[in-house]
Amino acid sequence: MARVVFLLVPQLHLLDLAGPAQVFSTAVDIGYDYRLHYVAEATEVPTVQGVSLRAGTEWPELDRDDLVVVPGWRPAAHGPAGPLAPADLRRLADHHAAGGTVASICAGALALGRAGLLDGRRCTTHHEVQDDLARRFRAARVVRDVLYVVDDRVVTSAGIASGIDVALHLVATRHGPAAAARIARSLVVYARRNGDERQASAMLRHRSHLSDAVHRAQDLIDARYAEPLPLADLAAACGVAERTLTRLFRVFTGLTPLGYQQLLRVERAEHLIGHGATVEAAARTVGFTDARMLRRLRARARPAPAA
């Protein structure tokens with residue numbers, strides 16, 4: 001079991017909390033073992049949107065598999081010191097020092113800055129708060145106009161709707177892209193957005209459509225991209241004919257099912273090679289029988305040199 005602890009402050013934005021909470025709640029619904037906690041200094045927490053929330057005042061015991069999330073608030077509602085007490089800031093720093101992950105939504109990045117977690121790290125926040133963040137924490141490396149940034153288990157996001165994106169990223173990191181895609185579909189968030197790379201992932205680029213049959217096929221390919229997946233078996237699992245699946249796949253993704261699988265394999269292989277694996281080892285890991293096909297597909301994917 002992993003705990004997700006939301007640290008609530010007065011005048012927080014509802015969607016900064018509700019978006020990530022919905023992602024992890026849906027993860028529980030589909031079988032992943034999370035326990036959600038909501039903690040605050042007082043049991044009643046007013047929000048910018050006018051409805052009050054109830055929270056506990058006692059923190060659960062945390063270990064390195066747990067996640068602490070600080071939703072954002074309206075900065076004008078608090079002074080320069082921010083809304084969090086020194087004890088809560090120490091908890092954030094201590095959890096990270098013990099190997100845990102700490103995340104912020106929107107202005108919650110200011111809390112991570114006060115906890116010393118942004119020094120020397122890349123980070124982001126809502127575009128209306130970026131200047132303030134950079135001014136207050138000069139050792140932070142503020143990345144502007146991106147959805148979220150991950151740097152050494154410190155995760156910061158632009159906030160509001162991007163809290164959903166960063167929560168899906170955290171699920172994908174722990175449980176794989178198929179789990180995140182399934183949650184995104186449940187939330188009717190078909191165009192999952194990447195963080196500081198502009199739609200770089202094949203799964204993200206080719207998921208912004210509404211074809212249920214193609215989504216089912218992509219779920220299977222995402223989960224088993226390293227295995228042989230005959231078109232007949234894929235089509236049967238999706239309840240359509242082979243020709244129908246191929247046609248729908250082309251219409252909604254611009255690829256064949258095999259082309260999509262190969263794209264996933266190449267991207268995973270590039271990741272492994274970037275972390276020190278040989279081309280031969282990466283090829284075997286992602287399901288190619290030898291490195292020749294991987295080399296061919298990598299060469300085809302590289303942009304042509306400029307004239």
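Start by selecting helices H6 (residues 177-186) and H8 (residues 212-223). Their axes come within 9 Å and cross at roughly 155°. That makes H6 roughly antiparallel to H8, a label given to angles over 145 degrees, while under 35 counts as roughly parallel, 65 to 115 as roughly perpendicular and the rest as oblique. Axes here are lines fitted to C-alpha atoms, for helices over the stretch in contact, and the angles run from 0 to 180 degrees between N-to-C directions. Helices (H or I, at least four residues) and strands (E, at least two) are DSSP runs, numbered from the N terminus.

Before moving on, note that this is a predicted model: local features need pLDDT of at least 70, side-chain atom pairs count only at pLDDT 80 or more, and totals for chains, interfaces and linings use all residues. Residues are numbered from 1 along each chain as its sequence is written, and side-chain values use heavy atoms, with hydrogens and water left out.

**Stop 1: H6 against H8**

On H6, pick Ala178, Ala181 and Arg185. On H8, pick Asp212, His215, Arg216, Asp219, Asp222 and Ala223. Contact means heavy atoms within 4.5 Å. Colour these residues by class: 3 are nonpolar, 1 is polar and 5 are charged. Ala, Val, Leu, Ile, Met, Phe, Trp, Tyr, Cys and Pro count as nonpolar, Asp, Glu, Lys and Arg as charged, and the others, Gly among them, as polar.

Stay on H6. Is it enclosed or open? With 7 of its 10 residues buried, H6 is largely enclosed by the rest of the structure. Buried means under 20% relative accessible area, exposed over 50%, partly exposed in between (1.4 Å probe, protein chains only). Select Ala178, Ala179, Ala180, Ala181, Ile183, Ala184 and Arg185 to see the buried residues. Then step to Val188, which follows H6 and has a positive phi near 60°.

**Stop 2: H8 and its other partners**

Click on Ala213, Arg216, Ala217, Leu220 and Ile221 of H8, then Leu234, Ala237 and Cys238 of H9. This contact has 7 nonpolar, no polar and 1 charged residues.

From H8, Ala213, Val214, Ala217, Gln218 and Ile221 take part. From H10, find Leu245, Leu248, Phe249, Phe252 and Thr253. The classes here are 8 nonpolar, 2 polar and no charged.

**Stop 3: H5**

Select helix H5 (residues 162-175). Of its 14 residues, 10 are buried. Among them are Ile164, Val166, Leu168 and Val171. What lies over the buried residues? The cover includes helix H1 (14-29), strand S5 (67-70), strand S6 (101-105), strand S9 (148-151), strand S10 (154-157) and H6. Just after H5, Gly176 takes a positive phi of about 100°.

**Stop 4: His96**

Finish in helix H2 (residues 86-97), where His96 is found. At 6% relative accessibility, His96 counts as buried. Which residues does His96 contact, leaving aside its neighbours within four places in sequence? Select Val102, Leu117, Arg121, Asp152, Arg153 and Val154.

Methods: Expected span 1.5 Å × (residues − 1).
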